[in-house]
Amino acid sequence: MSPPQFEATAGSARELKHVAIFLADLQGGGAERMMVNLAGGLARKEIRVDLLLANTDGPYLAEVQKSVRLVELNAGRVLRALPLLTSYLRRERPQLLLTTLHHASVVALLARRLSNTHIPVFIREANTPSQQEPSLRRPKSWLITKMIRRLYRQADGVIAVSKGVAEDLERYFGHPIHQTAVLYNPVVTDELGRLACLEPEHSWFEPDAPPVILAVGRLHVQKDFATLIHAFARLQKERDSRLMILGEGNERSELEGLVRQLGLEGRVALPGFVENPFAFMSRAGVFVLSSRWEGLPGALIQAMACGCPVVATDCRSGPAEVLDNGRYGELVQVGDIAGMAEAIVRTLDSARQPAQVQARSQRYSQAEIVDDYVEYFEGKLAL
């Protein structure tokens, strides 16, 4: 069922024909990958899609569909893309401009104003701002809060990737929840299923090897892989297993130091960014999301689409929403080392039910979510 936050006026919606998507780059973040999936899904519906990049860089460039027109602004930084984006809007006149992440959203709104085109701008909020923005947790956070509130007021539409994110926008920025469209991420693609059938290039997945506990994400404080490593050390007393964390980030040295400190060399692997994590997900014993906060955890949904049992922190927001409050996987408290270790052991000991978790993941299929976006945009264009 489509999210109830929007309605299209019957018989009055304008057909969606040309969408522009503006991003800083295509570095290895979930927000960028989801926008690439969205662009490809819209293009398959014979909608012209222009993907504008301030900096043509990132591992997801290879995933951009040939039917998507890649507009390389080559500005380096997002702010430097302002005059180029302004010129694009004047020249190309897309029906709407979609953007995500605050710095890109500010530039998109400024470009719209400078272009004098009145092209609708839609802001997609991919994470819980109250957790993502450290400055909001400081006593004197009124200035950035005021700026973000003004940002949302200037947009023609605000999209949240989960109900939790929509609630966060209302709680911290006063943006009315009834004015926020909840549109999930187009996580599950046909390509994901094909890639999941390939063999992972690692000896730990050979037959009769100990089970692999898998995590995927940026090596960043948000993902709290330190808690996962501590939990893994604790469960080694009960279960011979391996821990693999796929991703790259600024916490690599700290995490590698923790592995050495706990004497886990040879049992914990941090291979870095992997182009095809789905082959690993389909063969892991359990997938663990240890995050302190999320918007909508794409890696968790991808693991479910691969039929992998899952354990996740009950963080704000997304995991409880995805797992239906624990029906499709265990939920543990954020930072709970003992609870996480126990949940992993229980999951490893339980019978796998791949069909059940795969069926749940289909709510986040590319085809269904793209239909939701088209319905939302056409309803907005008809106003």
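In this predicted model, helix H1, spanning residues 30-44, packs against helix H15, spanning residues 366-381. Their axes are 9 Å apart and meet at an angle of about 75°. Because angles of 65 to 115 degrees count as roughly perpendicular, H1 and H15 are therefore roughly perpendicular to each other. From H1, the contact draws on Asn37, Leu38, Gly40, Gly41, Leu42 and Arg44; from H15, Gln366, Val370, Tyr373 and Val374 take part. By class, the residues of this H1 with H15 contact comprise five nonpolar, four polar and one charged.

Although Glu46 is not a glycine, its phi is positive, at about 65°. Ser317 is found in the loop between strand E12 (310-313) and helix H12 (319-322). The table sets out the two backbone features with their angles.

| Residue(s) | Feature | Angle |
|---|---|---|
| Glu46 | positive phi | about 65° |

Rolling a probe the size of a water molecule over the atoms shows where empty space is left. How many cavities of 30 Å³ or more does a search of the whole structure find? The search finds one. The largest cavity holds about 40 Å³ of space. Its lining consists of Val216, Lys223, Phe225, Phe287, Val288, Leu289, Ser290, Ser291 and Glu294. Which strand gives the most to the lining of the largest cavity? Strand E11, residues 286-289, does so, with three residues. The lining of the largest cavity divides into five nonpolar, two polar and two charged residues; Lys223 and Glu294 are among the lining residues.

As to confidence, the protein chain has a mean pLDDT of 90, and 93% of its residues reach 70 or more. Over residues 1-13, by contrast, pLDDT stays under 50. For residues 1-13 the model has 25 contacts beyond four places in sequence. Where pLDDT is low, the predicted coordinates should not be read in detail.

Conventions:
Residues numbered from 1 in each chain as written. Predicted model: local features only at pLDDT ≥ 70, side-chain atom pairs only at ≥ 80, totals over all residues. Heavy atoms only, no water. pLDDT = per-residue confidence, 0-100. Contact = heavy atoms within 4.5 Å. Axes fitted to C-alpha atoms, helices over the stretch in contact; angles between N-to-C directions. Helix = DSSP H or I, 4+ residues; strand = E, 2+ residues; numbered from the N terminus. Parallel < 35°, antiparallel > 145°, perpendicular 65-115°, else oblique. Nonpolar A, V, L, I, M, F, W, Y, C, P; charged D, E, K, R; others polar. 1 Å grid on protein atoms, 1.4 Å probe; cavity = no way out; pocket = protein on both sides within 12 Å on 5 of 7 lines; lining within 4 Å. Points joined across faces, edges and corners; volume = space filled by probe spheres on them.
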